[in-house]
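Here are my notebook entries from a sitting with this structure. Have the model open and follow along with me.

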Amino acid sequence: MTAAALLRRIQVSREADVVTTAYMNRDTRPIPPSRRTYGPWQFVGLWVVTGSFNIGGWTTGSSLIALGLNVWQAMVTVIVGHCLVGIICVLAGGPGAKWHIGFSILQKSSWGMYGALFPLVQRIMLSFIWYSTQVYWGGQCVRTFISSMAPSFNKLDTPLANGTMTVADFVGFIIFSLLCLPLIYIRPERYHVPFLVASCTVIPTVFILFIWCLGTAGGAGPMLTDITSTAGVQQARGSHLAWMLALGICTNIGGISTHIFSQSDFTRFARRPRDQLVSQLVFVPLNTILVAFVGIVCTSCAAQLFPATEGTLVWEPYRFLDAMQAHYGNSAGVRAAVFFASLAFIFAQFGIAVAENALSNGIDLSALLPRFFNLHRGGYLTAAVAFIMQPWQLLNGASKFLTVMGGYGVFLGSMTGVMFADYYIVRGRNLKLTHLYEATSKSIYWYRGGVNWRAGVAWTLGTFSLLPGFVQRVREPIVEERGWSHLYYLAWPLGCTLAVASYCLLTFVFPIESPRAVDDADYFGTSSWGRSRVRLRDTSEDTLGLDRRPKEGPPPHSYNLPISTTGMTEDLGRIYKSRPGLEISFIDGRGLLGCPPCIENQTQAFESTRTILPRALDYVSSHALDGVLVCCFSDHPLVYALRELVTVPVTGMFQAALQEATQHGGKFGIVTTARAWEESLTDSVSDLGFRESSAGVAATGLGPLELESMDRDVVVDRIAMFSKALIDKGAQSIILGCAGMTALEADILAALPQGTRTVDGVRAGISILSRLNEDAVIMEAAPPCMDDSKCIWAIHDTELTSDAAQVL
């Protein structure tokens, strides 16, 4: 086999649904809705594992107290620093959450198609280093885990690698490395499950250790009142204290700057752009504050509880567990505690090693060499390089190297500043995705020769003034050089600010091409309903060729009811027939490739919209209709898509049912089909302003197709049973939460207590549309639950907006 044939054989499959000159594989393309699985709580789990409840979070206090800060001063820097980190994380994750692209692709917009290699290569090298160090720490937890079962394991203490580790250390490193391999194979969109497992084990472990230390030591230990005798550092005072506080805040930011810089690698999996907001603004600082304080207290208590550690503070949790087991003579109870604690920290280290470093590096290597690397190959290369990096040498035998890595925020702050300035200020949060994958001079991100020189100059100006102080810190950490050292103490925020100002000034003096351009269609299928999106320009005729002027056609009160399930279309057609003065027509998804046969969750709602929207638009453009009713019981994205594209009133059976139910007075309950709808419908009821009127949502567990296929009496009895549970909660009206229940309404009502009302969303929708036409209300005067403010919110929620900078 020739070399060329071998290269062809090992190439990664190219994504061919969109023609791009840049090679695009599955891991470098914008993420479609089907792969976006991160909601708010998934981001909480992400930060629990990768940002706080791990060995790095536990040891946060060690670097701060080494600055001469006492415990309370150190905690002030943690609080201030990580509150800032939460805000920065939201800003850094914004592009990924909105446009669903990763860090490596995003850099092309500010640095250029080739210039992006500069931050990309640095990020790759950092991932190699940090992955190897996190695996080494994970190996230490494996060592304590094994020694809790077999204490003699720690007797494998023969020195290796010039005394930087022992045989037991190396065995733990190898085992942890091997355990990471199957996790690397898991797709990142499924990481929320491992995050949940890790969170449910490490959070209780951290607080149990905290409570045990407080109870056993009878307090928080000696370090909280005297760091000089306990930690062996001199308390900072006067102006030096002020600068150390500033350095402490910046240390907290710089210590996580690599994670911050590549936030889009995670936020691109967000279901909705807002899903990252609260989880990061609240839980990023809260988690770290708690864990840092726990780490300081446990380390302080260890100095009192374990005399054998006198003269050395046991900052790392695995060293704490070693000292605990040795102090209590390998007793069975303590060994059990060490067993479970070690296991919890192993789970946490899986998250930070694999998700934060192997995952990010796999994506970065995919962008660097997309023909030959995908996420899996890049992750496994990262795992292999960990042995080459020899982290035991880096952590135990290279103090200057650790100082360099600890101060690397000097370089990353200004890089992040370039990204912020380009995306938020110059481009106004707009990107032209197709041009990010156009590797020719036709791309607006080509600049000159594929490089944006403005980014390079801004980064240099943001970094240059910090370098002398950084070099001094590496050479002689205890020597302070006035001026330069003080600038270094402000490294990350100062570098970021200088880079933002420099980049904005340069783009003002030397403007860039089309900074706010966006695509005229959703070519990559990143929207909630795929490639049906076009941007609106003209109010009389849009780019689909849809004439918005009135047409000759049927008489007034002609309504079209699009629906996905063909069987339900036939049922509704029998119930709601045209009559004089009222003409009703139906369209459904039959014959459309990819249209789900029924809608049982929000993902299928998106898919049905993507496939049926073109058919609906074609029908509306060729018929003179007075309204459109979307017959799926959900806050369906098709409602908002049609409202933006057609001039007749549009509503959904869900919104109409809510309005009718509240007009009767009293509370309503919703009885729906699949259990997957319970949470979604509950959220939608709240979002549309009806929470106070709701007695809840009850799922029968029946699918829409089962409403048609199962024995009628069985179906009615099941619906009635769940409806009665809602009535017991105070519901006076029962909303039938599926179009398929319409044919069963009379039987359901007969099975319910006397005085109960049933609300059919189809009937309610036709009634509302009729009233709108009778009152000659224009399109914008939608039902109350679809007023402008809520419509704008819901449109944003489904990534649809009439803003000219967005795409429809």
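Predicted model: local features only at pLDDT ≥ 70, side-chain atom pairs only at ≥ 80, totals over all residues.

**Entry one: a sheet.** I began with an open sheet of 4 strands, in the order S8-S7-S9-S10, with parallel pairing. I marked strand S8 (694–699) and strand S10 (757–760) as the edges, since each pairs on one side only.

Next I picked S7 (residues 667–672) and S9 (residues 731–736), which pair in the parallel sense over 5 bridges. On this pair I noted that lysine 667 stands opposite alanine 731 in S9.

I found arginine 427 in the loop between helix H20 (409–426) and helix H21 (433–436). Is arginine 427 buried or exposed? I have it down as buried, because its relative accessible area is 0%. Leaving aside neighbours within four places in sequence, I listed its contacts as Ser109, Asp422, Tyr445, Tyr447, Ile512, Ser514, Pro515 and Arg516.

I then turned to helix H22 (residues 453–464), where arginine 454 lies. Its relative accessibility is 9%, so I count arginine 454 as buried; the cut-off for that is under 20%. Which residues does arginine 454 touch, not counting those up to four places away in sequence? My list reads Tyr447, Tyr503, Leu506, Thr507, Phe510, Pro511 and Ile512.

Notes
Residues numbered from 1 in each chain as written. Heavy atoms only, no water. Pairing = 2+ DSSP bridges. Helix = DSSP H or I, 4+ residues; strand = E, 2+ residues; numbered from the N terminus. Buried < 20%, exposed > 50% of the residue type's maximum accessible area, 1.4 Å probe, protein only. Contact = heavy atoms within 4.5 Å.
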